[in-house]
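Here's a friendly tour for anyone meeting this structure for the first time. Have a look at it below, then read on.

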Amino acid sequence: MIKGFIFDLDGVITDTAELHYAAWKKLSDEQGWHFDRELNEKLRGISRMDSIKVIMDHNGVSLDDATIVELATMKNDIYVDSLDDMTPEDYLPGARELLTHLRSEGFSVALGSASKNANKVLKQLNAVHFFDVIGDGNSVSKSKPAPDIFLFASDKLGLRPDNCIVFEDAEKGIDAAKAGNFHSVGIGPEERVGHADIRFDTMKQATLFEVKSHFKD
Ligand code: B16
Ligand code: MG
């Protein structure tokens, strides 16, 4: 029986990917690294430190750990500044409606994001009140595709993984949900999240009616 919902943030509740892209692009330009939208797509759902390693590998760059942390921090400063412009208008279409519906139906709701800036994003969206539990990049050390962030969220909700549905837009996020024995809803194209239990192109189609009808006991 489904009792809880666990949401990824970027690509499910709001689209911060564009702001991450702009910040990585600025850092890469400053460093003389190649960075484009195709490479940005590879960073979907993975942690900041994993992201910078993907970009460095792509550019054949190798640096000491302290310098990598310094550069990742520079990117993060640019990204966090850009969040100041985010407003409650910036939900992905359908996301606020689904969260509101889940609240009115009495479901438990958690966030399960890789981002260490999730609290700021939720505040900018005025979305904090929708969540019983906020699991973010500070909550666990092993990032997706490890299931740890979703297990953290279900544990704090007091629910078993098979009582929860995870919403994810990233391939590695669906991998993480499956590794943790959660039900999964993929948001995005077949080639990215086709391995989810059910997939929708956008959050607008992922209404509670549609989701419940797929997962009914
Ligand atoms: P931060 P999600 C992820 O968010 C993003 O998709 C990914 O591109 C980013 O690198 C990661 O958060 C870490 O973000 O630098 O803010 O800690 O999809 O897990 O909500
Ligand atoms: Mg995501």
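Which residues touch the most other members of the largest nonpolar core? In this predicted model, they are I6, F7, V12, F150, I165, V166 and F167, out of 39 residues in that core.

## What builds the core

The top contributor is α7, with five residues.

Take F7 as an example: leaving aside residues up to four places away in sequence, F7 touches V12, I13, L111, G112 and F167. There's also another core lying apart from the largest one, made of eight residues, including L19, A23, W24 and I52.

## A strand covered on both sides

Now zoom in on β4, where five of the five residues are buried. In a regular strand, side chains alternate between the two faces of the sheet. In β4, C164, V166 and E168 sit on one side, with I165 and F167 on the other, and both faces are covered.

β4 also has partners. It runs parallel to β1, joined by four bridges, and one of the pairings there is G4 with C164. With β5, β4 again pairs in the parallel sense over four bridges; here F167 has V185 as its bridge partner. To get from β4 to β5, the chain passes through α8, making a right-handed β-α-β crossover.

## Around the ligand

Finally, ligand 1 has 20 residues around it, and L9, D10, S113, A114 and S115 come nearest. Sorted by class, this shell holds five nonpolar, 10 polar and five charged residues.

How values were computed: Residues numbered from 1 in each chain as written. Chains lettered and ligands numbered in written order. Predicted model: local features only at pLDDT ≥ 70, side-chain atom pairs only at ≥ 80, totals over all residues. Near = placed C-beta within 6 Å. Nonpolar A, V, L, I, M, F, W, Y, C, P; charged D, E, K, R; others polar. Core = buried A, V, L, I, M, F, W, Y, C linked by C-beta atoms within 7 Å. Buried ≥ 20, exposed ≤ 12 C-beta atoms within 10 Å, placed from the backbone. Helix = DSSP H or I, 4+ residues; strand = E, 2+ residues; numbered from the N terminus. Contact = placed C-beta atoms within 7 Å. Pairing = 2+ DSSP bridges. Right-handed = clockwise from strand over helix to strand, strands pointing away.
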